[in-house]
Every structure is written in C-alpha cells, then in structure tokens.
Amino acid sequence: MLGVKAAIYARVSTRMQEEGGTIETQLDRISKDPLVPVKYGPYAEMEQYLDNGVSGRKKPLWERPEGKRLLADAKAGKFNVIIVYKFNRLGRHMIDTEEAIAQLFSYGITIYDVKNQMALDNNTATGKMIRQLMGMMAEFEATNGAEAMRDGLERVASSGKTLYQESPAAQKAYWRIYERRHRDVKENE
C-alpha cells in the first residue's frame with residue numbers, strides 16, 4: 001500500500017494573473033506551510049499540476065489540461081493527497097467542484113487546503129459537509145467577484161472614461177453590457 005504521497009495543484013484564471021506570478025504565490029504559500037512537510041513529505045518531491053490561464057468558472061477540473069492529468073494520476077494511484085492553496089482552485093461552480101472532489105475521493109484522495117489549514121476526506125460526516133460548503137463558497141466568491149467587476153465596469157463606462165488597458169473591442173463589449181443593463185432596468189420600470 002502507498003504511504004503518504006502528495007501532489008500539488010494550482011490554478012490561475014487569466015493570462016494576466018499568470019504573468020503576475022499568482023501561481024508562484026500559491027506555490028510559495030504551500031512550500032512555506034510548516035505542516036506540509038511534517039504531514040505530507042518534502043515539498044521538492046511532490047508532483048506539481050499547474051493550470052495557467054484556465055478559468056475555474058468556465059472549465060471543470062476534468063476539462064483543464066493539468067486537471068485531466070491530475071485525475072488520471074490520482075486514478076492510477078500515483079499519490080493519495082492533493083495539496084491546494086485554497087479549495088476554490090479545484091473549481092468555481094458548486095456542482096462541478098462537488099463532482100471533482102467526489103471523483104478524487106473515489107480514488108482515496110485526501111485534499112489539503114493550506115490557506116484554511118484543513119484536510120478534506122470522505123470518511124466522516126464532517127468531511128462530507130465541509131466538502132459541500134467549500135463548493136458553495138467557491139461559487140459564491142466567483143459570483144460575488146463577477147458582480148463587483150461588472151459594477152466597476154459600469155461605473156467607469158457611465159463616467160465616459162476609457163479603460164486604458166483594454167482593447168477597443170473590449171471597451172465596446174463593456175459599453176454593450178452597460179447599455180443592456182440600463183435598457184433592462186428601464187423596461188422593468
């Protein structure tokens with residue numbers, strides 16, 4: 001039987017985050033967690049699965065390049081613990097996240113969240129409840145962030161200012177969102 005053998009999964013959604021070193025930040029936090037080497041072995045020996053520029057809202061784990069490889073290797077028994085910076089790296093939609101975690105659990109995988117200092121397994125009622133709560137929280141964070149982004153874009157668009165880093169096509173798309181929202185509001189009045 002396999003002793004404790006861990007792997008690392010990290011993901012960022014956009015190329016801008018990739019260029020900003022967000023994956024490196026996740027890996028740095030994992031490597032500096034004092035419990036990781038004690039519980040799961042040397043960081044340097046852990047296989048890394050890194051999805052750069054892949055949205056957790058648009059693609060479930062099994063549709064991402066490294067996510068596919070992670071699931072295949074988990075099924076093959078190459079490790080029995082996955083370490084993530086936060087559970088939401090696995091997914092941003094409750095159902096997709098729940099399905100991915102259930103699949104990993106079916107392979108006997110434990111998932112360790114460094115940020116929350118929490119290991120998820122399927123052996124307890126508490127583990128099952130936390131799994132579902134984490135899926136709900138990941139979706140809430142994604143939806144809440146998207147709403148805040150739309151509100152900010154609407155504010156900028158309504159002020160007549162341009163978005164200095166965006167292409168003309170992106171700026172037109174933001175204006176369409178702004179106009180659509182205001183058209184819908186007027187129709188509902």
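In what order do the elements of the chain run from the N terminus on? I started there and read off β-α-α-α-β-α-β-α-β-β-α-α.

**Entry 1: ground rules.** I noted that this is a predicted model, in which local features need pLDDT of at least 70, side-chain atom pairs count only at pLDDT 80 or more, and totals for chains, interfaces and linings use all residues. Residues are numbered from 1 along each chain as its sequence is written, and side-chain values use heavy atoms, with hydrogens and water left out.

**Entry 2: the overall count.** I found 7 helices and 5 strands in the chain. Both kinds of element are DSSP runs numbered from the N terminus, helices being H or I of at least four residues and strands being E of at least two. Of the 189 residues, 37% are buried. For burial I used relative accessible area: under 20% is buried, over 50% is exposed, and partly exposed lies in between (1.4 Å probe, protein chains only). I also looked at contacts, meaning heavy atoms within 4.5 Å. Among those between residues at least 6 apart in sequence, 66% join residues at least 24 apart.

**Entry 3: the sheet.** Next I traced the strands. The 5 strands form an open sheet in the order β2-β1-β3-β4-β5, with mixed pairing. Two strands count as paired if DSSP finds at least two bridges between them. β2 (47-51) and β5 (118-120) each have a single partner strand, so one side of each edge strand has no neighbour in the sheet. From one strand to the next, the twist averages 25°. For angles, I kept in mind that axes are lines fitted to C-alpha atoms, for helices over the stretch in contact, and that angles run from 0 to 180 degrees between N-to-C directions.

Entry 4: How many residues of β1 are buried? I counted 6 of the 6, so this strand is largely enclosed by the rest of the structure. Ala6, Ile8 and Ala10 are buried on one side of β1, and Ala7, Tyr9 and Arg11 are buried on the other.

I then checked the partners. β1 pairs with β2 in the parallel sense over 5 bridges, and alanine 10 has leucine 50 as its bridge partner in β2.

Entry 5: β3 and β4 (residues 110-113) are parallel partners over 4 bridges. Isoleucine 82 has isoleucine 111 as its bridge partner in β4, and valine 84 stands opposite aspartate 113 in β4. β3, α5 and β4 together make a right-handed β-α-β unit. Right-handed here means that, with the strands pointing away from the viewer, the path from the first strand over the helix to the second runs clockwise.

β4 and β5 run antiparallel and are joined by 3 bridges. Aspartate 113 turns up again here, with methionine 118 as its bridge partner in β5. The hairpin of β4 and β5 has 4 residues between the strands. In that loop sits glutamine 117, which has a positive phi of about 50° although it is not a glycine. Its relative accessibility is 41%, so I put glutamine 117 down as partly exposed.

**Entry 6: helices on the sheet.** Helix α2 (residues 22-32) lies across β1, β2 and β3 and runs at about 150° to β1. α4 packs on the sheet too, touching β1, β2 and β3, and its direction makes about 145° with that of β2.

**Entry 7: the cores.** Which residues have the most contacts inside the largest nonpolar core? I listed Tyr9, Leu61, Phe79, Ile82, Leu104 and Ile111, in a core of 20 residues. A nonpolar core is a set of buried Ala, Val, Leu, Ile, Met, Phe, Trp, Tyr and Cys residues joined through side-chain atoms within 4.5 Å. β1 (6-11), α4 (65-75), β3 (81-84) and α5 (94-106) each give two or more residues to this core, and α5 gives the most, with 4 residues. Leaving aside neighbours within four places in sequence, leucine 104 is in contact with Leu61, Leu71, Ala74, Ile82, Ile109 and Ile111. A second, separate core has 15 residues, including Val12, Leu27, Tyr40 and Ile83.
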